[in-house]
Amino acid sequence: MNTATGEVAELEPRDPGHLSVYLCGPTVSGAPHLGHGRVTLVWDIFRRYMRWSGLSVRFVSNVTDIEDKIIVAAAEEGRPTAEVAGRYEKLWWKTMDGLGVERPDFDPHATAYVGEMVDLIAVLLAGGHAYEGGDGVYFSTASVEGYGLLARQDLATLRTGARVEAADEAGKRSPLDFVLWKRAKPGEPAWPSPWGDGRPGWHTECVVMSLGLLGEGFDLHLGGLDLAFPHHENERAQALAADRRFARHWAHNGMVVDERGDKMSKSVGNITSLPGLLDRYEGRVLRALVLNSHYRSPMAVTEGALESAKGMVERLDNFVRETRDLPPAEPDPSTLARFRSSMDNDLNTTDVLAGVFGAVSDARAEPARAPALAAAVKEICQSALGLALPFEEERLNPEVLEGVRLRDEARARGDYKEADAARERLVAMGYVVEDTPAGTRVRRRPR
Ligand SMILES: [Zn+2]
């Protein structure tokens, strides 16, 4: 859905066959949280689906490596800001790898774009869209017609909200105005500018990066709903004021909430961060959880929802194992057609899952269609949505193979104590152990 119009719109790329996409990335001032997991997975699924549909996708997502929150974190640790930002950026990418989220094609860093930001601020000042206050340069929101479009709220409401946030920005003329350039206090990291040494405000980097790497009128600007206002509106206002054509479409994903529907601030069980969640649940489970909620709806991350997503992954794993030895077949066309129509209807991934599990039941009921249905399920899950099925490591892991061999040998010689011990070791490694006429069979359970 296009946030700027409130309607589901046809996505027609600026350049036929190519999609240019910008997603606001992390401020590397701490460990990634559950909301980061959702935003990156939602748009990773979208990106893979677009590519699977035959478009080439140019995907840009920035790293904010200078910002007030980083300065605060660095001061608390008594370490340089660059070191702290570098450490949290490493953790960010490691977490993304754990989620199975593909790296962006470009990951511009704010500190590498300060010069471009200074140039944009100069243009905004020259055009009368910005002014110097006591402590920096501010953008004048009143100077732009239609300010507030992405908020989808009236300006009076916005003004009340804005007042709370910006108590430290003394030079502002209106509570909705925002800082473009912040003069540095002693000891803070600083870059030179015509308005004194300082650093850019957060809302400017995405404007110069997206336009610089994707060009004017790029196709799609993405992000979490919490960024629609003021961050994205402030990006849009700057581009408009600088007379540049900005994003042609905007899309936002909903927030992560707890079981009561409140914005997620507390932990799930004892989990407070995304890396903590990934210690307990593999990335595939989180991907299934994201697929199981509509991207625009609030998504509850609860023990129950996670266990249910894990159950889905396990059912899919089992289905792929069951159908592993069927003859190869082309994916069932009607299953793929249903998948496309669900995805093209504003990424209706809950409907996608219903279709996938429908295909699983059909394959069991109609063995003649099983090869084509199994091929369709694998095509949809793995190729189009990035959900690998299943992990094949039980075939490869020598420790597991050794465990199976020891158990079979112990059973053959009637040593049930040793057979049980071997079984326990396999279970501890995360495997379900089954006895079959052909000997011990193991399958890995999703974590
Ligand atoms: Zn941004």
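Helices here are DSSP runs of H or I with at least four residues, strands are DSSP runs of E with at least two, and both are numbered from the N terminus. With that in hand, take Leu347, which sits in the loop between H11 and H12. Leu347 is not a glycine, yet its phi is positive, about 50°. Leu347 is also buried, as 23 other C-beta atoms lie within 10 Å. The cut-offs: buried takes 20 or more other C-beta atoms within 10 Å of a residue's own, exposed takes 12 or fewer, partly exposed is in between, and C-beta atoms are placed from the backbone.

Some ground rules. This is a predicted model: local features need pLDDT of at least 70, side-chain atom pairs count only at pLDDT 80 or more, and totals for chains, interfaces and linings use all residues. Residue numbers start from 1 along each chain as its sequence is written.

Now the overview. The chain has 16 helices and 12 strands. Its C-alpha trace spans about 85 × 50 × 35 Å along the principal axes. Of the 447 residues, 42% are buried. Contact means C-beta atoms, placed from the backbone, within 7 Å. Take contacts between residues at least 6 apart in sequence: 74% of them join residues at least 24 apart.

Next, domains. The bounds come from an automatic or database domain assignment. That assignment gives domain 1 (18-130 + 140-164 + 201-253), domain 2 (274-384) and domain 3 (393-444). The C-alpha centres of domain 1 and domain 2 are 31 Å apart. Their contact takes 20 residues from domain 1 and 19 residues from domain 2. On the domain 1 side, H1 and helix H3 (81-99) each supply at least two residues. H1 gives the most to that side, with 11 residues.

On to the core. A nonpolar core is a set of buried Ala, Val, Leu, Ile, Met, Phe, Trp, Tyr and Cys residues joined through C-beta atoms within 7 Å. The largest one has 108 residues, and Tyr22, Ile121, Leu180 and Val377 have the most contacts inside it. Helix H13 (residues 370-384) contributes the largest share, 10 residues. Domain 1 and domain 2 each give this core at least three residues. Apart from it lies another core, of 6 residues, among them Ala419, Ala422, Tyr431 and Val442.

What does Ile121 touch, leaving aside neighbours within four places in sequence? Ala130, Val137, Leu180, Trp181 and Thr204.

Tyr22 takes us to the strands. Two strands pair if DSSP finds at least two bridges between them. Strand E1 (residues 18-23) pairs with E7 in the parallel sense, over 3 bridges. Tyr22 stands opposite His221 in E7. On to the next partner: E7 and strand E8 (residues 249-253) run parallel, joined by 5 bridges. There His221 stands opposite Trp250. How many residues of strand E7 (residues 220-224) are buried? The count is 5 of the 5, so E7 is largely enclosed by the rest of the structure.

Back to H11, residues 333-344. Helix H11 has 12 residues and reaches 16 Å from first C-alpha to last. That is close to the 16 Å expected at 1.5 Å a residue, where the expected span is 1.5 Å times one less than the number of residues. Which H11 residues are buried? Thr335, Arg338, Phe339, Ser342 and Met343. They share one side of H11, because they cover an arc of only 130° around the axis. The arc is taken from the directions from the helix axis to the C-beta atoms. Pro333 and Ala337, on the other side of H11, are exposed. Cover for the buried residues includes helix H1 (34-52), helix H12 (349-365) and H13. After H11 comes Asp346, with a positive phi near 55°.

Most residues other than glycine have a negative phi, and most peptide bonds are trans. The bond from Phe229 to Pro230 is cis, with omega near 0°. Pro230 lies in helix H7 (residues 228-241). Asp243 is not a glycine, but its phi is positive, about 65°. Is Asp243 buried or exposed? Exposed, because it has 9 C-beta neighbours inside 10 Å.

Definitions and conventions
Two residues are in contact if their C-beta atoms, placed from the backbone, lie within 7 Å.
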